[in-house]
Amino acid sequence: MSRTALRICPLCEATCGLTLTIEGTRVTGARGDRDDVFSKGFICPKGASFGAVDGDPDRLRTPLVRQDGELREATWQEAFDAVAAGIRPVVERYGPHAVGVVLGNPNVHTVAGALYPPVLLAGLGTRSLFTASTVDQMPKHVSSGLLFGDANAIPVPDLDHTNHLLLIGANPLESNGSLCTAPDFPGKLRALKARGGTLTVIDPRRTRTAKLADRHVAIRPGTDALLLAAMAQVLFEEGLVDLGELAEHVQGVDELRSAVRDFTPEAVAGACDVEAAVTRALARELSAAPTAAVYGRIGSCTVPYGTLASWLVDVLNILTGNLDRPGGALFPQAATDRTPRPAGPGRGFALGRWHSRVSGHPEAKGELPLSALAEEIDTATQEGEPIRALIAVAANPVLSAPDGDRLDKALDSLDFMVSVDPYLNETSRHAHVVLPPPPPSQSPHHDFAFNTLAVRNQARYTRPAVPLEPGRMAESEILARLTLAATGMHGADPSAVDDLVVGQTLGKAVKEPHSPVYGRDPQELAARLTGDTGPERRLDMMLRLGPYGDGFGARPDGLSLARLLDHPHGIDLGPLRPRLPQPLKTRSGRIELLPGPIVDDLPRLRGALAERPAELVLVGRRHLRSNNSWMHNVPALTGGTNRCTLHIHPEDAERLGVRDGAAVRVKGAGGEVTAPAEVTDGVRRGVVSLPHGWGHDRPGTRLSHASADPGVNVNQLLDGSLLDPLSGNAVLNGVPVEVTALAAVTETHAPVT
C-alpha cells in the first residue's frame, strides 16, 4: 500500500517542497507540495526525479575499507577503526595542517553537512581547508566581507517586488538560481515582465534566461567588472547617484568616484565588445527604474576579476539607493541565524591571515584555493609539511577542480584518505575508507545555508520520509563518529559531539546581554531542548535563540522545533525587510564602499583595458537536469539537451572547418579533451562552451550509467594557475583555448604515399 510524505528537495538551491509517494520503503513518485509556504507546488525535473536519485542502485550501502590495495566491504566499526588508525598518526607526527579537509557542494544541502564539519575542523585545528566555494562563489563572500564586514551577508534581489532586474553571468531558468534561493525563479521573472518590469541579461551565451530578457548584452567573457565599473562611472558622470536612505550608512562615495573615473564606456568598449551607448543605457535604465536590483552569479565570479565584479554588483545597488529596500537587494533573515546583536562597529573582515604552503595563496574566509590542493599534496617545500592525509566530505575535486589529472595522481600518493560519499566516484576511488551516507529519503532536512539567501523569510523542516534501512547509519552519526575518530576521541558516544556544541552555544548565549536567555542557567536550558536526535536538539536550540525564536519561553509565540513540526508545510515569516545597519560588522559600523584590498586590485583591472582579447575563449554552462557532477548516473536526468558537447558559433565553426556533430580537439593550458561539436548561434563569436561536471571515464568507479556516456572534464583544460587573487577563486570562464577539427588533424599527419 502506498503512502505520501513531505520532503524538502535537496537537489538544488531552490529548496522546493515535495510530496513523495512511497511504496514500502521505496520512493515511487514526487510532485510539488502545493501547500508549501515557499515553493507553492513548483517542481523542476530534478525534483520530479527524486525517486530515481534516491534509489540509484549504484549508491553504496556499506562502508568500504582498503585491504591489500582493494576497497572491500567492511563493518562500520572496522571503518572507523581504520579512520582513527589513519588520521591520528599523521596529526601526531606531522601536525594538524598535514591533514587536509575538502568539503563539496552537497554539504550545504544536508542537515549533517551543515552542522558537523565546523566541529571537525575546530577539533583538528587544521588550516588546510578546501571547499567548492573557490570554484564557485568565493568572490561574493569576499566582496561582502569587505563591504559589510561579514562574508555571509549577501544581499539578494527582491524578485517579487522589483521593477528592474539586471542579471550578469546568471542563468536561473536552467540553474534554478544560486546565492539567491527562489523556488520557481522562471515564474518570478515572467511575473516581473507581466507587471511591466524590465529584465536585462548580460551573458556571452543566449541562454534560456537571455531569450526571456527585454535586453540581452552578449559581453566578451571575463570583462564583467569593466562593464560594471563603466556603469558606475556613468552614474557619477551624469549625476545619477542617489543613495537615498542609505546615505547615513555609507562611507567612501567620493573616493569611489575617483577610483572609477578611468572606466568610461568608451574606454571599456573594446575590451567588453559592448558599445558605449549600450553601457550608458544600462546605467540610465538602472537609475531611472522605481526599484531595481543587480544580481551577478557564477559567470561573473569564475573570472580573473571575480571579486571586483561581485563588489561592483553591490556598488551599483548602493549608488542607485536600491540596497536594503523593497524591490531592490535585501539581506534575508534566516530562522537559525544567531540572535541579532545591536547595530554598531564589528570586527570587520580580514584576508590573508595565513597563506598556502607552496604558492603562498592568501586564505579567504578560512579557506585555501581548491586549485592549490594538488600542489599542497605533491610538492615538498621548506614551509611546513605537505598534506599527507585527506578527509573529503561530499567532494569530487578530481572533476570540479582544475587539472584533475594532477590531483588524481596526488591523491594516490597520500598516506591516508577517507571519503564520505554515497558513490565510488572519480575522487572517492582513491580513499582508504569510504563512508556512505543514506539516501535523502532516509534523512531529515532543513536548509541552514539557503535560508540565509532566500527571497522570502520562512522556516521548514521535514523528518526522514523513510526509516533507515538495516545496516545504514545516519549521516549525522557518520560525521560525528568521523569527528571523534579524527580528533583523538575514537570510541566516544557520538552524542558527545552534539552535547559539546549545545553546551558551548548556550554557555555563550547566557553571557550575551542582547540574548533572550541572558543570565539564565545553560544546563536548565539544555534540559528543555526537544527532538528525537542530536541534530534535532541543535535545530531546536538555534530556532529558539534565533531572530524569530521563543527564547526558551521569553517569547511564547516564537519559533521552536515543536512549532515547526506542527506546521509540516512550513511557517511563512514574511517578505524581506530593510535591516541596516544591524547586519554591518565593519570596523566603522558603516558600508565601506572602497575597502583597501579593492583599491589595491583596481590597477590590475585598469590594465585589462589594454589587453588584446584571445581569438577563442571557453565558458562553462549549466543544465536544468543536472547539478555539477552529482546526477549523471541517473538515466532520467541525462540525454536530450543535457549532453557534453562543445557549443561553437557557426562563423567560428566555418573558419575552423568544424562540422556539427563531428569530433573536435579542445586544448588549454592544462591539457586537451575531445568532444562532439554542436554548432549554434547560442554562443557569441569567439566563444565556445563545455558543460561542467562530466568526465566519468576513470577506472575504478562504480557509476554504471555515467561511465557509459562519460563526456569530458572541462576543468582538465585548466592548469590551476589562473586565480582571482583576492578570493583564490579558480578562473573557469574566459579562458583561452584552441579548437581543432579532428579531420584536419588526421589529414595533417597522414602518411605520404
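I started at strand β21 (residues 617-619) of this predicted model. I found that β21 pairs with β26 in the antiparallel sense, over two bridges. I then looked up the partner of Val 617 and landed on Pro 736 in β26.

Next I traced the sheet around that pair. I read an open sheet of seven strands with mixed pairing, in the order β26-β21-β25-β22-β24-β23-β27. I noted the edge strands as β26 (735-736) and β27 (738-741), each of which pairs on one side only.

Val 617 turned up again when I moved on to the pockets. I took the second largest pocket, which has a volume of about 730 Å³. I saw that 34 residues line this pocket, and that Val 617 is among the closest to its centre, along with Arg 220, Pro 221, Thr 223 and Pro 613. I sorted the lining by class and got 17 nonpolar, seven polar and 10 charged residues.

My last stop was a helix pair. I have helix α10 (residues 224-237) packing with helix α13 (residues 276-288) at an angle of about 65 degrees, the axes being 9 Å apart. I logged the crossing of α10 past α13 as right-handed. Which residues make the contact? From α10 I listed Leu 227, Ala 230, Met 231, Val 234, Leu 235 and Glu 237. From α13 I listed Thr 279, Arg 280, Leu 282, Ala 283, Leu 286 and Ser 287. I counted eight nonpolar, two polar and two charged residues in this contact of α10 with α13.

Terms used
Residues numbered from 1 in each chain as written. Predicted model: local features only at pLDDT ≥ 70, side-chain atom pairs only at ≥ 80, totals over all residues. Heavy atoms only, no water. Axes fitted to C-alpha atoms, helices over the stretch in contact; angles between N-to-C directions. Helix = DSSP H or I, 4+ residues; strand = E, 2+ residues; numbered from the N terminus. Left-handed = near helix turned anticlockwise from the far one by under 90°. Contact = heavy atoms within 4.5 Å. Nonpolar A, V, L, I, M, F, W, Y, C, P; charged D, E, K, R; others polar. 1 Å grid on protein atoms, 1.4 Å probe; cavity = no way out; pocket = protein on both sides within 12 Å on 5 of 7 lines; lining within 4 Å. Points joined across faces, edges and corners; volume = space filled by probe spheres on them. Pairing = 2+ DSSP bridges.
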